[in-house]
Amino acid sequence: MKDYKVLSLDETGKASFNHPSKNFVLSGLVLPEKFKPKMDRLIRKLKKKYFRDEEIVFHCRDMLRKRGPFVILREDPAKEINFWAEFIVILNLKLLSMAFVITDKGKAKKLGWNDSAILRRAYGKMLEEFTKKHLADSGGKIVVESDPYQDKYLIEAHNRLQSMGIPSEGITGLDYRKKITSLSLVNKLNLDVDIQTADILAIMADIVYTMKMGGNKKPTRVQAMMKRLINRKMTDKDNPGIFEILV
């Protein structure tokens, strides 16, 4: 049976210039398909321990703001630190990798890009890097948090690579079709923990990118933990991360 790696995608911000987000961050968690059941058990156990509900859906902004079902993190600062520390231990597992494609919308606008250009470039770059860095010896599957407006650009990028491949890497369209055999659009009601994790990673990447660009000079303890995690993952030579800045 062929081994597969799964790229689970989500994002933070919107590509539209009418949206207040400064950056558009396309985010992915890369994991072996056979590891997904264990990943699910680990995250469910963590949810039950801290939120007494193993099916609660992680929303990173609500978690960081400690509101809604995550208000419990506000009650005890030590509990908040412990939760993130335990979550980061899971994310730091060698089998897991992270993928980020970041667009500074202000810079993109100066170059004359519109939201369609941002989405086409972001999805194209993400799929190319996943194929190049993670699918040398395994098949690939893509699972994405569906967005009615954005889905067409993901499908467009996938179809282009199925046709043209990645010529600069010697990967033909046929090679790509053999490597990536599935593209699935899901919503939050599917309760995929890998998609929920990709949502959290998107916020992490936005925070870390802002810090790298000289902003947020006084990060919180949680934000500092996020930065250390991403830095570690990006320097892992055995299971390489992806951190691409389009502009």
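In this predicted model, the largest pocket holds about 350 Å³ of space. The lining of this pocket comprises 19 residues, and those closest to its centre are Asp 10, Glu 11, Thr 12, Gly 13 and Asp 199. Three elements, β1 (4-12), α2 (60-65) and α9 (193-212), each contribute at least two residues to the lining of the largest pocket.

Aromatic contacts were examined next. A pair of aromatic rings is described by the distance of the centres and the angle of the planes. A search of the whole structure identifies 12 aromatic pairs. One of these joins Phe 51 and Phe 58 in an edge-to-face arrangement, with 6.2 Å centre to centre and 80° between the planes. Phe 51 and Phe 58 are both buried. Phe 83 and Trp 84 also form an edge-to-face pair, with 5.2 Å centre to centre and 70° between the planes. Phe 83 counts as buried because its relative accessibility is 0%, and Trp 84 is likewise classed as buried because its relative accessibility is 0%. Both of these pairs belong to a cluster in which ring pairs link Tyr 50, Phe 51, Phe 58, Phe 70, Phe 83, Trp 84 and Phe 87.

Lysine side chains are also placed over aromatic rings. Lys 47 lies over the face of Phe 58, at 4.9 Å from the ring centre; Phe 58 is a member of the cluster described above. Lys 141 lies over the face of Tyr 4, at 4.6 Å from the ring centre.

How values were computed:
Residues are numbered from 1 along each chain as its sequence is written. Side-chain values use heavy atoms; hydrogens and water are left out. Rings of Phe, Tyr and Trp (its six-membered ring) pair if their centres lie within 6.5 Å; planes under 30 degrees apart count as stacked, over 60 as edge-to-face and the rest as tilted. Buried means under 20% relative accessible area, exposed over 50%, partly exposed in between (1.4 Å probe, protein chains only). A charge sits over a ring if NZ of Lys or CZ of Arg is within 6 Å of the ring centre and within 35 degrees of the ring normal. On a 1 Å grid over the protein atoms alone, a cavity is a set of points where a 1.4 Å probe fits but cannot get out, and a pocket is an open set with protein on both sides within 12 Å along at least five of seven lines; lining residues have an atom within 4 Å of a point. Grid points are joined across faces, edges and corners, and a volume is the space filled by probe spheres set on the points. Helices (H or I, at least four residues) and strands (E, at least two) are DSSP runs, numbered from the N terminus.
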